[in-house]
Amino acid sequence: MVRYFISLFAITIFCSTIFSTATSAKEAPSRDEILKQRMSYYVQYEDLLVPWYFLAAIDQYERNIQSVRKDIPKRDSVIAIKFSDEFWAGAVNPYSQDTTPSTIDYFGGMGLDGDKDGIANSEDDEDIMYTMASYLSRFGPTENDFKLALWEYYNSEPVVNQIMTISTLYKHFNTTDLNTHMFPLPLRYDYSYRSTWGDNRGWGGRRIHEGTDLFASYGTPVLSASYGVVEIKGWNRFGGWRIGIRDQNNSYHYYAHLSSFSKDINVGDVVEPGKVIGFVGSSGYGKEGTSGKFPPHLHYGIYKFNGRTEWAFDPYPSLLLWERQTKEIKK
């Protein structure tokens, strides 16, 4: 009996070890591994007419909207692009799930066999990338050609603009790894902030506060919190002198009540985290040049675009995180 229990214990340990080894062997890939795998797809299917950053920008945009839209199924794969059945198989194809290249072509579908296995599978990453690259190549090699292709595919100017921003960032930095953020004020300066999301505001009509106020002295440098493209720079009667920067995640970063702008910042410029974009002030709440109606501070807001609309969300948790991360970097 003792021998029986010892044998049973040994078998249990053996099976447990085998299961543990198998589980660890199937561990999810790291973020770096996923980014490398995505890039390998982009480079594999780029050509003279379709550079990798065009493919990457569309893929990232699709990933962005899938993360915030409940009406769009999230594609659980390395590549996020998902085609409609009509686009893939053809609008008049009686079999909407068609995977046969010849019949797809016959019915005017765009789905193609990228990995040459004889199947045009709309769930296969290689087939998806080959199909998108082939679609884009029909329009030409320039950015204007790319914009036209995007318009034909999405029929939305805001979507076209967002994807163009992403492609601009990827081309400029030659990478898709642009998720680093920094606190928007230098840590060596005196500043204070708390959650002010939803507070009442009265000037210009009853409204709520869509952002976080970071109080600091006049002239304190304001830093870009993210990688992005400067979309707006100038006067707003509510925000005074303000700058808007759009990043690769469909987020619009809004910096308001500035005293002035950095001299080398212009609309269309590409910026990175920590870039000085302006200086703390108290401008706003009136006609151009109005200042001093409240203590100097930076109003920081974030707006998310979901492919249809844009809405504000509370940036306070992000600021806490970026402040902590920036402190770690500065150590």
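These legends describe close-up views of a predicted model.

**Figure 1. Overview of the predicted protein model.** The protein has 331 residues, and 47% of them are buried. Nine helices and twelve strands make up its secondary structure. Of the contacts between residues at least 6 apart in sequence, 59% join residues at least 24 apart. Searches of the structure give 27 aromatic pairs and eleven salt bridges. Some of these pairs are shown in the views below.

**Figure 2. The aromatic pair F54 and F146.** The ring centres of F54 and F146 are 3.8 Å apart and the ring planes meet at 5°, so the pair counts as stacked. The cut-off for stacking is an angle under 30 degrees between the planes. F54 belongs to helix α3 (residues 52-66) and F146 to helix α7 (residues 143-154), so the pair ties together parts that lie 92 residues apart in sequence. Both F54 and F146 are buried.

**Figure 3. A cluster of aromatic rings.** Ring pairs link Y61, F83, F87, W88, Y135, F139, Y153 and Y154 into this cluster. One of its members, Y154, is also among the residues of α7 that make the contact with α8.

**Figure 4. Packing of helices α7 and α8.** Two packed helices are described by the angle between their axes and the distance between the axes. For α7 and helix α8 (residues 157-173), the angle is about 140° and the axes are 9 Å apart. The two helices are therefore oblique to each other; an angle has to be over 145 degrees to count as roughly antiparallel. The crossing of α7 past α8 is right-handed. On the α7 side, the contact is made by E143, F146, K147, L150, W151 and Y154. On the α8 side, E157, V159, V160, I163, M164, S167 and K171 take part. F146, in the α7 set, is also the partner of F54 in the stacked pair.

**Figure 5. The salt bridge between R63 and D59 within helix α3.** The side chains of R63 and D59 meet with N and O 2.8 Å apart. The two residues are four places apart in α3, a separation of about one helical turn. Both R63 and D59 are buried.

**Figure 6. The salt bridge between D264 and K275.** The closest N and O atoms of D264 and K275 are 2.6 Å apart. D264 sits in the loop between β8 (251-261) and β9 (270-271), while K275 sits in the loop between β9 and β10 (276-280); the two residues are eleven apart. D264 is partly exposed, with a relative accessible area of 41%. K275 is partly exposed as well, at 28%.

Figure 7. R31 is partly exposed, with a relative accessible area of 41%, and D32 is partly exposed at 47%.

**Figure 8. D115 and K116 in the loop between α5 and α6.** D115 lies in the loop between α5 (101-106) and α6 (125-137). At 26% relative accessibility, D115 is partly exposed. D115 and E126 are eleven residues apart along the chain, and their C-alpha atoms are separated by 5.9 Å. Leaving aside neighbours within four places in sequence, D115 is in contact with Y45, D124, E126 and D127. K116 is found in this loop too, and is exposed at 61% relative accessibility. Most residues other than glycine have a negative phi. Phi of K116, however, is positive, near 60°.

**Figure 9. Y285 and P295 in the loop between β10 and β11.** Y285 lies in the loop between β10 and β11 and has a positive phi, near 65°. With 15% relative accessibility, Y285 counts as buried. P295 is placed in the loop between β10 and β11 (297-305). P295 and S217 are 78 residues apart in sequence, and their C-alpha atoms are 8.8 Å apart in space. Not counting residues up to four places away in sequence, P295 touches F215, G281 and S282.

Key:
Residues are numbered from 1 along each chain as its sequence is written. This is a predicted model: local features need pLDDT of at least 70, side-chain atom pairs count only at pLDDT 80 or more; totals for chains, interfaces and linings use all residues. Side-chain values use heavy atoms; hydrogens and water are left out. Rings of Phe, Tyr and Trp (its six-membered ring) pair if their centres lie within 6.5 Å; planes under 30 degrees apart count as stacked, over 60 as edge-to-face and the rest as tilted. Buried means under 20% relative accessible area, exposed over 50%, partly exposed in between (1.4 Å probe, protein chains only). A salt bridge is a side-chain nitrogen of Lys or Arg within 4 Å of a carboxyl oxygen of Asp or Glu. Axes are lines fitted to C-alpha atoms, for helices over the stretch in contact, and angles run from 0 to 180 degrees between N-to-C directions. Angles under 35 degrees count as roughly parallel, over 145 as roughly antiparallel, 65 to 115 as roughly perpendicular and the rest as oblique. A crossing is left-handed if the near helix is turned anticlockwise from the far one by less than a right angle, and right-handed if clockwise. Contact means heavy atoms within 4.5 Å.
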